[in-house]
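Subject: Structure for you to look at

Hello,

Here is the structure I said I would pass on. Please open it next to this message and follow along.

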Amino acid sequence: MRQTAEDISQQCGAEPDFVRNKVGVHQRYILASHESGVGLAATACETVLERSGVSITDIGLIVFVTQNPDQKMPQNSSLLAAALEAPRHCASFDIALGCSGYVYGLSITEAFLAAHNIGSALLVTCDPYSRIIAREDKATNAVFGDAATATLVAAGTGHSRLRGLDFGTDGGSGQAISIAAGAAARPLVHLDEQEDLTVGSREDHSLYMDGRAVFNFVNSTIPGSIENSLQSCGLKIEDVDWFALDQVSSYMLDALAKRAGLPPHKVLKNINTYGNTVSSTIPLLLEELMQSGKLNCGETVLVSGFGV
């Protein structure tokens, strides 16, 4: 379901100019009430399989990156395997990561294929934040959109195509993007009571984001991570053809590029079209780059996912 900056403004009270120019969202798409993350992901998988000429029977692994699965159990990857009619020998698991999920997913998927002699995998992303956001909350509703992507990952030829990986964790600052309740420590309902009683308020079960804390983290940490990645594989900024970075907001992305010394014309953006689609932002950027004919096999792309 498509929404414009004006639609978002009416929901959360933010000025349309703020949504368009500061956040950078001109439009976005969110799941309709009859749609699901697995359903959207299945469509993405069918598209990439048809485009590549690969059959689902050739897929030996499905990795699903999401923090918002359709159900608590079973995991989204198994529901997707059923929807695609994948063979029973196909391995599957979910990765519960947000904006960093695609970067982790690429590394884990490639390593899994190599370790277990599997020919090909589907790396899938879909994190429908619209289902966990309070409509009136400017800090979140003006930023995020829903999307699903599917990446066909084929086994390598003896060496990794991923170079200069840099990972890190700042768990002590984790509450800057969080949902307080709804999991085991603070469940949605008390099942040991005679009646199901909701635990916590509406705010406790919706996404909270401290924009200032996120901004400070991005600008203090990510330029160093980019430099670490480049140094570890002997590259410089000028050696990189494209930078596909997490679409936190247009303002934050511009500030990060300036702080890290990245050429603006090489920094990809799609937040104006889709909003921040969490783990789907980077693969969407790469898809647009391929469709435009600007991504060839010999080019170098630096990807960086950061956040919750």
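Which side chain of opposite charge is nearest to K266, and how many Å away is it? Keep in mind that this is a predicted model. The nearest one is D241, at 5.4 Å. K266 is buried yet has no salt bridge. A salt bridge needs the nitrogen and the carboxyl oxygen to be within 4 Å.

To find K266, go to the loop between α8 and α9. Its side chain reaches the backbone oxygen of V240 at 2.8 Å. Leaving aside residues up to four places away in sequence, K266 touches E238, V240, D241, W242 and F243.

Salt bridges

Side chains of opposite charge can pair when their charged atoms come close. How many salt bridges does a search of the whole structure find? The search finds six.

One is between R20 and E6, with N and O 1.8 Å apart. R20 belongs to helix α2 (residues 16-23) and E6 to helix α1 (residues 5-12), so this pair ties together parts that are 14 residues apart in sequence. R20 is partly exposed, at a relative accessible area of 25%. E6 is also partly exposed, with 33% relative accessibility. A network of salt bridges links E6, D17 and R20.

Another salt bridge joins the side chains of R202 and E136, at 2.6 Å from N to O. R202 is in the loop between β7 (177-178) and β8 (208-209), while E136 is in the loop between β5 (120-126) and α6 (138-141), so the pair ties together parts that lie 66 residues apart in sequence. E136 has a relative accessible area of 44%, which makes this residue partly exposed.

D254 and K269 form a salt bridge as well, and their closest N and O atoms are 2.7 Å apart. This pair links distant parts of the chain, with D254 in helix α8 (residues 250-260) and K269 in the loop between α8 and α9 (271-274), 15 residues apart. Both ends are partly exposed: D254 has a relative accessible area of 42%, and K269 has 37% relative accessibility.

Helix α8

Which residues of α8 are buried? They are S250, M252, L253, L256, A257 and A260. These residues cover an arc of only 165 degrees around the axis, so they sit on the same side of α8. The buried residues of α8 pack against α2, α7 (211-232), β9 (242-245) and α9. On the face turned away from the buried side, α8 carries the exposed residues K258 and R259. After α8 comes G261, whose phi is positive, near 70 degrees.

Strands β5 and β6

Is strand β6 (residues 148-154) mostly covered or mostly uncovered? Strand β6 is mostly covered, with five of its seven residues buried. β5 and β6 run antiparallel and are joined by seven bridges. As one example, V124 has A150 in β6 as its bridge partner.

Regards

Notes. Residues are numbered from 1 along each chain as its sequence is written. This is a predicted model: local features need pLDDT of at least 70, side-chain atom pairs count only at pLDDT 80 or more; totals for chains, interfaces and linings use all residues. Side-chain values use heavy atoms; hydrogens and water are left out. Helices (H or I, at least four residues) and strands (E, at least two) are DSSP runs, numbered from the N terminus. Buried means under 20% relative accessible area, exposed over 50%, partly exposed in between (1.4 Å probe, protein chains only). Lys and Arg count as positive and Asp and Glu as negative; His and the chain ends are not counted. A polar contact is a pair of N or O atoms within 3.5 Å; within protein, one must be able to donate a hydrogen and the other to accept it, and residues adjacent in sequence count only if both atoms are side-chain atoms. Contact means heavy atoms within 4.5 Å. The arc is that of the directions from the helix axis to the C-beta atoms. Two strands pair if DSSP finds at least two bridges between them.
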